[in-house]
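Me: I have a structure open and would like to talk it through slowly. Could you help me read it?

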Amino acid sequence: MRSNFFAYCCLAVAILFATNISAERNKFPVEIDYSRTLAQMIAAGKYYAANVSIDDRFFHIQGEGKKKVVLEIVRFHWAISGDEARSLIQKRGLQPARLEHLLAFGAAYPLEQKKYSIVALGTVWKSGKDKFTAFLYYGVKLRWLRLNWGVDEWEADFAFLAIGREEQN
């Protein structure tokens, strides 16, 4: 009986966090330069290392010219599936950021990934049943561009990059 009560309390707290994540949203204006190649976008971030599978074989950047975008960091504070995170982000009137947004963000705000790993759920490479998603990581005092291998589950300490507003040029 007590374990059910505890479970309901945990669920209530999770719902409160989910419905009031605005306190954990920070806005970051960036400019996406679509004339750059994916390799150039990665190089602009000056990462210690980038996963070798984050390349044109599996990830395709689509767009033209330059676009100004306001990105937001969204945190949930509990382990969450990628599908659930996408749904909650969209319920806030935002869209999950794509790889090009993550790379522009990493280049413009390199210190942010020291606070938490940052995921771009808007670009997913699917291979069979596996899903691969790029994220910014900080470890052993170095900045990394990594790839989540095969699972779409994220621990509570991950943050998600979202597109708040795109400006038309």
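Me: Is G63 buried, partly exposed or exposed, and why?

Reply: G63 counts as partly exposed, because its relative accessibility is 41%; buried means under 20% relative accessible area, exposed means over 50%, and partly exposed lies in between, with a 1.4 Å probe and protein chains only. Please keep in mind that this is a predicted model, in which local features need pLDDT of at least 70 and side-chain atom pairs count only at pLDDT 80 or more, while totals for chains, interfaces and linings use all residues. Residues are numbered from 1 along each chain as its sequence is written, and side-chain values use heavy atoms, with hydrogens and water left out.

Me: Where does G63 lie?

Reply: G63 is in the loop between β2 (49-50) and β3, where helices (H or I, at least four residues) and strands (E, at least two) are DSSP runs numbered from the N terminus.

Me: New topic: how many residues does the largest nonpolar core have?

Reply: That core has 31 residues, and L102 and L145 are those with the most contacts inside it; a nonpolar core is a set of buried Ala, Val, Leu, Ile, Met, Phe, Trp, Tyr and Cys residues joined through side-chain atoms within 4.5 Å. The largest share of this core, five residues, is given by α4.

Me: And what does L145 touch?

Reply: Leaving out residues up to four places away in sequence, L145 touches several residues, including I42, Y47, L102, L103 and F135, where contact means heavy atoms within 4.5 Å. Apart from that core lies another, of 15 residues, with L88, I89, L94 and F158 among them.

Me: Which residues of α3 are buried?

Reply: In helix α3 (residues 82-91), the buried residues are G82, A85, R86, L88 and I89, and just after this helix G93 takes a positive phi of about 80°.

Me: How many aromatic pairs are there?

Reply: The structure holds 13, where rings of Phe, Tyr and Trp (its six-membered ring) pair if their centres lie within 6.5 Å, and planes under 30 degrees apart count as stacked, over 60 as edge-to-face and the rest as tilted. The rings of F76 and W78 form a tilted pair, because their centres are 5.7 Å apart and their planes are at 50°, and both residues are buried.

Me: What about W154 and F160?

Reply: Their ring centres are 6.4 Å apart and their planes are at 90°, so this pair is edge-to-face, and both W154 and F160 are buried. Ring pairs link F76, W78, F135, W154, F158 and F160 into a cluster.
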